[in-house]
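The sequence and structure come before the details.

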Amino acid sequence: MSKDITDALFAVHRMRFVYGSIWEVIYPASGSSCDWAYDALDVPCSFAPELRDRGQYGFLLPENQIRPVAEEMWAAFTTWGDHVIAGECDSK
């Protein structure tokens, strides 16, 4: 599912996204909100999506990147939703 989501993101504007555990992809961390959703709420498809910035702007993207980010995330969320609708997130 993660590969399908990152492939959908890439197809929009050719931005390459990486998937994997937060620990491996972003930085060593535990106890994130997706960990809590998975463990405490029994949410089997819990993710921590990150936007396209590579560390230059942080959470304050320039205006010219707002629309591309929205388009990429729309592709990601609709792909994720397709997997949920298909029943691929019904259990751990």
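## Largest pocket

Ala, Val, Leu, Ile, Met, Phe, Trp, Tyr, Cys and Pro count as nonpolar, Asp, Glu, Lys and Arg as charged, and the others, Gly among them, as polar. On that scheme, the lining of the largest pocket divides into 19 nonpolar, 7 polar and 3 charged residues. The model is predicted: local features need pLDDT of at least 70 and side-chain atom pairs pLDDT 80 or more, while totals for chains, interfaces and linings use all residues. Residues are numbered from 1 along each chain as its sequence is written, and side-chain values use heavy atoms, without hydrogens and water.

A pocket is an open set of points on a 1 Å grid over the protein atoms alone, where a 1.4 Å probe fits, with protein on both sides within 12 Å along at least five of seven lines; lining residues have an atom within 4 Å of a point. The largest pocket holds about 800 Å³ of space, a volume being the space filled by probe spheres set on the points. Of its 29 lining residues, Val18, Ile26, Ala48, Pro49 and Glu50 lie nearest the centre. H1, helix H2 (22-25) and H4 each supply at least two lining residues; helices are DSSP runs (H or I, at least four residues) numbered from the N terminus.

## Aromatic contacts

Rings of Phe, Tyr and Trp (its six-membered ring) pair if their centres lie within 6.5 Å; planes under 30 degrees apart count as stacked, over 60 as edge-to-face and the rest as tilted. The whole structure has 2 aromatic pairs. Phe47 and Trp80 are edge-to-face, because their ring centres are 4.7 Å apart and their planes at 80°. Phe47 lies in the loop between helix H3 (33-40) and helix H4 (66-85) and Trp80 in helix H4, so the pair ties together parts 33 residues apart in sequence.

Buried means under 20% relative accessible area, exposed over 50%, and partly exposed in between (1.4 Å probe, protein chains only). Trp80, at 19%, counts as buried, and Phe47, at 28%, as partly exposed. Phe47, Phe77 and Trp80 form one aromatic cluster.

## Salt bridges

A salt bridge is a side-chain nitrogen of Lys or Arg within 4 Å of a carboxyl oxygen of Asp or Glu. The count is 2. In one, the closest N and O atoms of Lys3 and Asp7 are 2.7 Å apart; both residues lie in helix H1 (residues 2-13), 4 residues apart.

Arg52 forms a salt bridge with Glu72, with closest N and O atoms 2.5 Å apart. This pair links distant parts of the chain, Arg52 in the loop between H3 and H4 and Glu72 in helix H4. Both Arg52 and Glu72 are buried.
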